[in-house]
Amino acid sequence: MILDHSFPRESKYVQENNIPLVIPAGTVEYHGPHCSFGCDTLVVEGLIKKLMEKKELMLAPSISYSPSSYAVGDSKSGTVHIEERAFENYVYYIFMSLLSAGYRNIYVVIHHQFEQECEMPMTLCYRLAAKRATMMYLEQTLGQGWWGSDDYSSYYEQLEGDNNPFNWIKVIPTMSTEVQNATGYDHAGKFECSILMSLYPDCVDLSRISERPHWFTESASGASRELGDRMVKLSLEYLEKAIK
């Protein structure tokens, strides 16, 4: 199911059956002369669409304009950078809307700057906005003092269960640390180009690497569809377990 294409009946079905609602979180970022600006978004979208062939999910619209930073390319490179505080507030309102609508099993999946699952600014924006939205929603619906009331006396017993409100929105990587260690991880190099080639082959053109050399793209000439297919396979195995 795709949220954009759905009707209220499908939305209600997803909510009542606790089916995961998945938001691809990406960027518009410079990836050298040979790799598309939407690489990070496309990797997430491609993986989730493949996962939907195995698992019942609802795919939400991707969020592409984000805190990509100008660390790789400057403001003239084509990168679109959204200041972190503005972005956090933006996704906060998205989360508030989804919670208010009745979704309780939301996943944000990120490929950008997630080496060894390190929490970079974009990831932190999503996680902080998720907790802010959850706290505000609980206060609005249950009133002030909700946590201290007798109704929540079993809070600590249910922390790992489905009733834990702080599990309503989860932020996860496309590739766990274990998957990254088993394959490799980089920016616009051998590994990222390979996984993008597997998912969207038209978005990588290795013949253009020499147009503007960079240290981080030197390994890209070694990218292959075969390596990308392996990365996709391992990533899907991880995501199938992580998205419940």
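**Salt bridges and their surroundings**

Modeller: Let's begin with Arg208, which forms a salt bridge with Asp205, their closest N and O atoms being 3.0 Å apart. By salt bridge I mean a side-chain nitrogen of Lys or Arg within 4 Å of a carboxyl oxygen of Asp or Glu. Bear in mind that this is a predicted model: local features need pLDDT of at least 70 and side-chain atom pairs count only at pLDDT 80 or more, while totals for chains, interfaces and linings use all residues. Residues are numbered from 1 along each chain as its sequence is written, and side-chain values use heavy atoms, with hydrogens and water left out.

Back to that pair: Arg208 is partly exposed, at a relative accessible area of 41%, and Asp205 is partly exposed too, at 28%. (Buried is under 20% relative accessible area, exposed is over 50%, and partly exposed is in between, using a 1.4 Å probe and protein chains only.)

A search of the whole structure turns up seven salt bridges. Another of them joins Glu88 to Arg132, with the closest N and O atoms 2.7 Å apart. That one ties together distant parts of the chain, since Glu88 sits in helix α3 and Arg132 in helix α4 (residues 121-142), 44 residues apart. (Helices, H or I with at least four residues, and strands, E with at least two, are DSSP runs numbered from the N terminus.) Glu88 counts as buried, with 13% relative accessibility, whereas Arg132 is partly exposed at 30%.

Then there's Glu119 with Arg127, where the closest N and O atoms are 2.1 Å apart. Glu119 is partly exposed at 40%, and Arg127 is partly exposed at 26%.

Now for the strands. Four of the five residues of β4 (residues 169-173) are buried, so this strand is largely enclosed by the rest of the structure. Strand β3 (residues 106-110) pairs with β4 in the parallel sense over five bridges; pairing here takes at least two DSSP bridges between two strands. Val108, for instance, has Val171 in β4 as its bridge partner.

Two residues have backbone angles to check. Asn18, in the loop between α1 (8-16) and β1 (21-25), has a positive phi of about 55° without being a glycine. Asn18 is partly exposed, at 36%. Ser69, in the loop between β2 (58-59) and α3 (84-101), also isn't a glycine and has a positive phi of about 75°.

Asn18 turns up again among the residues lining the largest cavity, together with Val14, Gln15, Ile19, Gly102, Tyr103, Arg104 and Asn105. This cavity has a volume of about 30 Å³. (On a 1 Å grid over the protein atoms alone, a cavity is a set of points where a 1.4 Å probe fits but cannot get out; a pocket is an open set with protein on both sides within 12 Å along at least five of seven lines; lining residues have an atom within 4 Å of a point. Points are joined across faces, edges and corners, and a volume is the space filled by probe spheres set on them.)

Finally, the largest pocket has a volume of about 270 Å³. It is lined by 14 residues, with Val72, Gln113, Glu115, Asp186 and His187 lying nearest its centre.
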